[in-house]
Amino acid sequence: MRVYIPTTLAGLAEAYKAGEVGPVPLDAFAVTPSLREWYVSDDIEELEYAALNRAAQASLRLLAVHPDVARRRTVVAVDVPDAAVRFDPDRALDPAALGEVRLSRPVPLAEAAAVHLDADDAEPDVAAAAAALGAADAGDDDAQFTVDGAEDHELLWYATQEIPNLIG
């Protein structure tokens, strides 16, 4: 199963140093039954893109609580055995939990399929979105508009061999 693990650029550097993404339990996003139902598509590429976007939103939340790290959403894509993934069907109707899964083991970075990362030019919009997240959660429409502005930036795809250049 392909899972998308939200992190930060600093978190990616820590994972590279440790050789694994962790510690467990590790929250991630994948194509779950609730995501399929919400997205109403059978196209696996579209569904995986939706899961990636959910992970990007979670990465933004990590940036909001870590103001000292680079303002670039970061997601690690990994293929893991189905048995390593837990899905909570009781949260299936919770819009905040769409596609959410939990990994029961650390993921060796060598098993990563790719890294998805904002381009440098996205940093101002991502910084503004991270700063506005609390107000958006409280119902401020202007703040929500700012948060949505980060989603105007597509995450770029990088091969795992490029990680040293991304974190260096």
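**Entry 1: the pocket.** I take a pocket to be an open set of points, on a 1 Å grid over the protein atoms alone, where a 1.4 Å probe fits and where protein lies on both sides within 12 Å along at least five of seven lines; its lining residues have an atom within 4 Å of a point. Its volume is the space filled by probe spheres set on the points, which are joined across faces, edges and corners.

The model is predicted: local features need pLDDT of at least 70 and side-chain atom pairs count only at pLDDT 80 or more, while totals for chains, interfaces and linings use all residues. Residues are numbered from 1 along each chain as its sequence is written, and side-chain values use heavy atoms, with hydrogens and water left out.

I found that the largest pocket has a volume of about 760 Å³. Of its 33 lining residues, Pro6, Gln57, Ala58, Arg61 and Leu62 are the closest to its centre. Helix 3 (44-65) gives the largest share of the lining, seven residues. Helices (H or I, at least four residues) and strands (E, at least two) are DSSP runs, numbered from the N terminus.

Entry 2: Buried means under 20% relative accessible area, exposed over 50% and partly exposed in between (1.4 Å probe, protein chains only). This core has 23 residues, of which Val3, Ile5, Val78, Leu103 and Val107 touch the most other members. Among the elements that give it two or more residues are strand 1 (2-7), strand 4 (74-79) and helix 6 (163-167). Another core, of 15 residues, lies apart from it and includes Leu47 and Val75.

**Entry 3: strand 4.** I noted that five of the six residues of strand 4 are buried. Strand 4 pairs (at least two DSSP bridges) with strand 1 in the antiparallel sense over six bridges, and Ile5 has Val76 as its bridge partner. Strand 4 also runs antiparallel to strand 8, with five bridges; there Val75 stands opposite His116.

**Entry 4: helix 1.** I listed Leu9, Gly11, Leu12 and Ala15 as the buried residues of helix 1. They line one face of the helix, because they fall within an arc of 155 degrees seen down its axis (the arc is that of the directions from the axis to the C-beta atoms). Glu14, Lys17 and Ala18, on the other side, are exposed. Gly19 follows helix 1 with a positive phi, near 85 degrees.

Key: A nonpolar core is a set of buried Ala, Val, Leu, Ile, Met, Phe, Trp, Tyr and Cys residues joined through side-chain atoms within 4.5 Å.
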